[in-house]
Amino acid sequence: MPPLLRATPRQRAFQAVPVARSGISAARLGYCRFASSFQNPADGALAPRKACAPSVNRQMSALIASSPSQTTPDNALSIQRRWSSTVAIDPKMYTTSFAFFEALWDAGVTHVFVNLGSDHPSIIEAMVKGAREKKGQFPRIITCPNEMVAMSMADGYARLTNKPQAVIVHVDVGTQGLGAAVHNASAGRAPILVFAGISPITQEGELRGSRTEFIHWIQDVPDQKQIVAQYCRYSAELKTGVNVKQMVNRALQFAKSAPQGPVYLCGSREVMEQEIEPYNIQQNEWDPVELGGLPGSAVSKIAEALAGAERPLLITGYAGRNPEMPAKLVELANTIKGLRVLDTGGSDMCFPADHPAWLGLRYGNEEAIQTADTIIVLDCDVPWIPTQCKPRADAKIFHIDVDPLKQVMPLFYIKAQSRYRADAMASMDQILAALRSDDSLKAKLAGGESEQRWSALQASYRDRIDGIVARSKPLDNGEFGTGHLCSKLRELCPEDTIWAVEAVTNTLFVHDNIQPTKPGQWINCGGGGLGWSGGGALGVKLASDHEAQLKGQKQGKFVVQIVGDGSFLFSVPGSVYWIAKRYNIPILTIVLNNKGWNAPRRSLLLVHPDGLGAGATNEDIHIAFDPSPDYAGIAKAAAGGDVFAERVDQAANLEDVLKRAIQAVQGGQTAVVDCKVASGC
């Protein structure tokens with residue numbers, strides 16, 4: 001027996017190895033823990049293994065005695081193989097799998113999103129045991145008929161709460177089934193622990209959990225964790241149960257340490273079936289690594305540059321992941337009169353839309369980037385796209401980030417004077433303290449030029465809002481665009497609604513008109529794997545409800561998914577709306593139906609503006625959805641008919657449909673509204 005699989009006397013009793021043909025009697029087998037022989041091929045001599053410990057004597061004796069034919073070494077071998085692989089489990093037994101769930105719960109993981117398979121017998125036993133014996137102290141299990149939906153739910157949950165959640169999938173195929181969700185969690189910095197079984201590592205009944213099905217050979221791959229390793233902060237195989245809690249917490253340390261992201265563990269059936277002694281670890285010894293602030297010299301340099309700037313600009317992408325950051329950036333904008341704040345990531349609410357410094361969301365292409373003389377890049381992956389827009393040559397640029405080198409991006413660089421790996425909140429506190437304590441800097445900030453910049457900023461903000469309103473009006477033919485739709489949603493939905501957005505080419509229209517103002521109110525996956533928002537919205541709603549219940553409230557916040565029609569199909573709606581019904585997770589889904597994938601056309605025109613495809617139809621370039629699917633009908637079918645489902649294509653009917661949909665969701669029923677939207681507005 002491999003040393004790493006030894007744990008307790010009880011387990012070793014269940015891990016009896018096959019018996020070679022020898023002179024050892026069947027009666028002797030009944031009283032031995034190990035009773036096999038090794039035959040030296042050189043001389044044919046039999047060397048007996050360690051034997052005789054009466055841990056399971058009576059059960060083994062009874063099993064052998066019950067054989068209908070006379071017991072021989074051959075059928076004793078068969079019986080022992082069957083015994084070691086399929087033995088009934090003692091309800092009091094404590095296995096690796098049960099310790100795994102205990103470790104998750106103790107580390108703060110409250111939900112596990114599962115898609116189970118042949119590698120999970122001990123996982124299933126542990127779930128049943130936990131439900132019976134540790135109610136209220138065991139993760140809630142959510143069945144997900146698709147792996148990407150499972151991980152997207154964990155992603156949405158973790159993104160809202162900053163609390164890592166777990167996903168369990170099936171060997172290599174389930175790992176592959178996670179698909180783009182792994183990319184999204186990595187790019188979006190969502191702390192998630194993924195566990196998958198691996199095909200059993202024994203095939204003759206040597207250990208409990210040994211191979212019992214045809215598929216165990218087919219799903220045996222050389223290195224399963226390499227399927228997702230390049231997207232994970234950490235990946236490892238569990239090789240024994242005796243340190244499973246340490247391995248889980250090591251993985252979660254990586255997941256929770258900046259830059260956060262997914263981690264991956266896998267383990268064979270034999271390891272997960274292993275019986276171990278119950279144990280605990282000191283949870284306070286497994287905190288994530290904390291980043292510090294800026295060096296003192298950097299604080300002075302950045303503060304001086306900001307105070308002396310005529311057109312200062314702060315660009316961020318995901319600083320709003322910390323719910324305290326938007327208020328801190330408002331504080332900075334109120335101190336540096338004339339500072340503008342631009343979001344080029346769109347994954348979080350980083351700066352409130354009701355502040356004059358708000359430039360909204362623009363994907364790396366904004367006039368302010370070209371005119372700014374001082375730029376702070378704060379927790380941002382793509383501050384600008386050089387082929388479309390870049391800073392002026394004499395601009396002072398400082399990059400502050402949890403990952404300024406973007407270590408998983410083979411190509412990344414910006415022309416910054418200085419770059420720092422530092423915590424955004426700590427850095428802003430340092431800069432603000434310097435601006436308020438240095439007399440020369442305070443004098444610059446209090447001058448007449450500063451007030452003039454503040455007045456100009458307010459006027460520019462009013463113009464921006466007026467322009468958004470003008471562009472969001474319905475069309476003369478009665479149709480409406482995404483802008484008008486989202487302005488109506490903002491008007492009708494509760495003020496603290498959480499928006500889970502995957503609008504792709506319509507994202508800027510959505511953001512301009514939703515105008516989020518509250519921390520955590522706007523969530524986008526942050527990656528490029530379409531299909532996130534279905535499971536993501538469910539995870540956000542599940543998290544909001546759970547957090548509310550912990551505070552004694554009946555339910556959480558209203559959640560709206562805004563999704564393009566192509567992304568809706570990617571989201572596996574058959575799984576999403578079954579889960580919504582099964583677990584009573586009501587959300588409002590708004591499908592932006594523009595009859596196709598418009599993102600490929602935009603990409604085409606950026607490279608070949610005068611090419612053959614420029615004048616081709618969507619059908620010609622194979623991005624059209626014609627006939628248009630019944631998106632609301634798909635959702636209704638998946639939920640067994642219990643979904644509010646409507647289509648709307650006229651502005652005159654929009655408000656009534658939205659009001660009824662909102663009312664349905666507030667009453668506990670998921671709603672899907674298929675909105676035919678005009679392009680470009």
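A nonpolar core here is a set of buried Ala, Val, Leu, Ile, Met, Phe, Trp, Tyr and Cys residues joined through side-chain atoms within 4.5 Å; buried means under 20% relative accessible area, with a 1.4 Å probe and protein chains only. The model is predicted, so local features need pLDDT of at least 70 and side-chain atom pairs pLDDT 80 or more, while totals for chains, interfaces and linings use all residues. Numbering runs from 1 along each chain as its sequence is written, and side-chain values use heavy atoms, without hydrogens and water.

**Stop one: the core.** Select Phe113, Met151, Met153, Val167 and Ile579, which have the most contacts inside the largest nonpolar core, a set of 54 residues. Its largest share, seven residues, comes from helix 7 (residues 147–161), helices being DSSP runs of H or I, at least four residues, and strands runs of E, at least two, numbered from the N terminus. Now centre on Phe113: beyond four places in sequence, its contacts (heavy atoms within 4.5 Å) include Ile142, Met153, Val167 and Leu542.

**Stop two: Cys525.** Find it in the loop between strand 16 (522–523) and helix 21 (532–550). Is Cys525 buried or exposed? Cys525 counts as buried because its relative accessibility is 2%. Show Arg159, Asn184, Gly188 and Trp532 too: Cys525 is in contact with them, neighbours within four places in sequence left aside.

Conventions: Buried means under 20% relative accessible area, exposed over 50%, partly exposed in between (1.4 Å probe, protein chains only).
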